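Please open the model in your viewer and keep the sequence panel beside it.

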Amino acid sequence: MKRSLLGAVLILTLAMPASAAMQQLPERPEFSAEVMRYVGYDAPEIALTNVRVVDGTGAAARENQTILIRDGRIAEVGDAGTVRMGTNAEVVDLAGHTVIPGLVGLHDHSYYTTSARAVQMSYTGPRLYLAAGVTTIRTTGSQEPYAEINLKKDIESGRAPGPRMFVTGPYLTGENGAPSMAQLTGPDHARRVVKYWAEEGVDWLKAYTWISRAELAAAIDEAHKHGVKVTAHLCSVSFQEAVEAGIDNIEHGLLTNSDYDETREPDACSPNLMASVAELDMTGEEVQATFRAMNEAGVSMTSTPVVFEMFVPGRTAMDDRTRAALSPEAAEEVEAAAAQIEERGGISEELFQQALRYEYAFVQSGGLLAAGVDPTGYGLALPGYGDQRNFEILLETDFTPEEVVQIITANGAKILGIYDEVGSIEAGKLADLVVLEGNPVATPSDIRNVRWVFKDGVGYDAAKLTEAIAGRVGRS
Ligand SMILES: [Zn+2]
């Protein structure tokens with residue numbers, strides 16, 4: 001189906017500067033044959049009937065609903081039988097299914113690592129994300145920024161299937177940073193690098209472990225001048241220091257926060273960070289002071305429990321679907337690394353639970369928490385699969401399933417400034433929807449049973465996308 005190209009052109013031409021609070025999203029283009037391979041539903045009017053709806057706002061699940069999609073948007077959602085559809089509507093009876101908003105993954109890299117490889121996933125990444133119901137990603141640190149910028153173009157122009165992408169440019173770190181990163185030598189260097197990537201079109205930038213306070217402050221200031229936001233995986237700078245520097249979002253939570261490490265030197269990563277958070281009381285003043293600073297400045301947090309989980313002995317088993325997705329050599333590397341964690345230890349279960357409690361307490365304090373997979377570490381958390389696993393892990397806290405759906409959908413959209421367009425199932429929004437077999441409210445693992453993924457009202461077949469990447473993750 002053709003949609004108004006003229007409309008798309010007008011929107012692109014009149015797009016607000018990125019600094020405006022809300023971002024305009026490009027409309028869907030003509031699709032290539034490679035994209036059409038995966039498309040199952042593509043009609044001007046589609047009615048998903050007799051479904052359970054978890055709408056992303058945190059409200060309780062509603063039974064027996066109909067979602068009417070018209071021209072790519074949610075036209076109406078309500079009790080089945082009360083929603084009026086056109087005579088030509090394609091009706092999909094989904095009794096026994098649950099519809100949630102498309103997942104918004106805020107730490108969803110376009111590359112993948114094991115202990116032995118780092119691979120740009122320009123083929124498997126976008127298909128896996130989409131197959132798992134992730135319709136929007138922020139890449140949050142890129143190893144090959146141009147591969148990412150060009151992948152985004154390919155998806156937006158209809159050449160490749162995949163989620164909407166918010167790209168982040170190279171990691172900004174200090175002189176002790178990793179070889180693939182921009183190793184900043186001072187505030188002026190920070191400004192130069194940020195200006196370059198902002199002009200190249202990145203949406204966000206990500207600061208990383210060894211950046212100094214002065215470099216971070218300069219990077220943020222320069223980024224904001226260009227309408228670009230900044231997030232960070234911190235350690236040399238504490239959360240409260242990053243808030244003071246004007247940061248927009250902070251990744252990973254407790255296990256990267258040096259606010260509580262009394263042994264730390266300014267602008268340096270401390271070996272005692274993890275030990276310093278082990279005994280923290282979440283209701284205590286120290287923790288609450290961090291949350292107050294973040295909330296007063298409107299700084300959100302990204303939860304990535306799945307990338308920590310692989311370092312917790314007792315939690316390193318590879319599931320069948322991960323094994324099916326990985327190339328044989330990558331699977332071998334992952335299993336060898338997992339065996340080492342089981343043998344030598346890593347993050348204790350107690351510390352892992354402490355980190356989860358921190359995120360729960362952050363939300364109770366009024367904090368805005370989103371989530372993402374971070375498909376790095378030694379490679380047990382795959383794009384999309386890990387985003388789903390976050391849902392299961394966050395339910396180990398006192399969150400309700402509906403609240404966790406909100407965290408993995410609506411809250412990410414709010415942080416990206418696109419909540420007026422996606423992130424919840426409400427009339428007027430783009431139809432980014434995940435159709436799950438079963439009921440994740442009662443059975444959390446049903447979050448894995450994705451049947452259809454609608455992006456812009458086009459329904460992609462999750463099984464076909466998954467089939468396309470089988471045995472290829474870790475290669476491309
Ligand atoms: Zn990461």
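How many helices and strands does the secondary structure of the protein come to? The answer is 17 helices and 21 strands, where helices (H or I, at least four residues) and strands (E, at least two) are DSSP runs numbered from the N terminus. The radius of gyration of the protein is 21 Å, close to the 23 Å that the globule rule gives for 476 residues, so the protein is as compact as a globular protein of that length. This radius is taken over C-alpha atoms, and the globule rule is 2.2 Å times the number of residues to the power 0.38.

Two points of reading apply throughout. Residues are numbered from 1 along each chain as its sequence is written. The model is predicted: local features need pLDDT of at least 70, side-chain atom pairs count only at pLDDT 80 or more, and totals for chains, interfaces and linings use all residues.

**The whole chain**

Buried residues make up 51% of the 476 residues. A residue is buried if 20 or more other C-beta atoms lie within 10 Å of its own, exposed if 12 or fewer, and partly exposed in between, with C-beta atoms placed from the backbone. Two residues are in contact if their C-beta atoms, placed in that way, lie within 7 Å. Among contacts between residues at least 6 apart in sequence, 73% join residues at least 24 apart.

**The two domains**

Colour domain 1 (33-101 + 424-469) and domain 2 (103-416) separately; the bounds come from an automatic or database domain assignment. Their C-alpha centres lie 28 Å apart. At the interface, 30 residues of domain 1 are in contact with 24 residues of domain 2. On the domain 1 side, the elements that give two or more residues are α2 (33-36), β6 (97-101), β20 (450-455) and α17 (462-469). Helix α17 provides the largest share, five residues. By class, this side of domain 1 divides into 20 nonpolar, six polar and four charged residues. Here Ala, Val, Leu, Ile, Met, Phe, Trp, Tyr, Cys and Pro count as nonpolar, Asp, Glu, Lys and Arg as charged, and the others, Gly among them, as polar.

Next, select helix α14 (residues 385-394), which is mostly covered: nine of its ten residues are buried. Among them are Tyr385, Phe391 and Leu394.

How do α14 and α15 cross, and at what angle? Their axes come within 9 Å and cross at roughly 145°. Axes are lines fitted to C-alpha atoms, for helices over the stretch in contact, and angles run from 0 to 180 degrees between N-to-C directions. Asp387, Asn390, Phe391 and Leu394 in α14 meet Val404, Ile407 and Ile408 in α15. This contact has five nonpolar, one polar and one charged residues.

**Helices α5 and α6**

Move to helix α5 (residues 187-200) and helix α6 (residues 213-225), whose axes come within 8 Å and cross at roughly 30°. Pro187, Ala190, Arg191, Val194, Lys195 and Ala198 in α5 meet Ala214, Glu215, Ala218, Ala219, Glu222 and Ala223 in α6. The residues of this contact divide into eight nonpolar, no polar and four charged.

**Two buried residues**

Select Met165, placed in strand β11 (residues 164-166). Met165 is buried, with 24 other C-beta atoms within 10 Å. Leaving aside residues up to four places away in sequence, Met165 touches Ile137, Thr139, Leu151, Lys152 and Ile155. A distance label from Met165 to Val230, 65 residues apart along the chain, gives 16 Å between C-alpha atoms.

Finally, centre on Ile247, in the loop between α7 (239-244) and β16 (249-251). Is Ile247 buried or exposed? Ile247 is buried, with 26 other C-beta atoms within 10 Å. Ile247 touches Ile220, Val230, Ala232, Ala242 and Val299, again not counting residues up to four places away in sequence.
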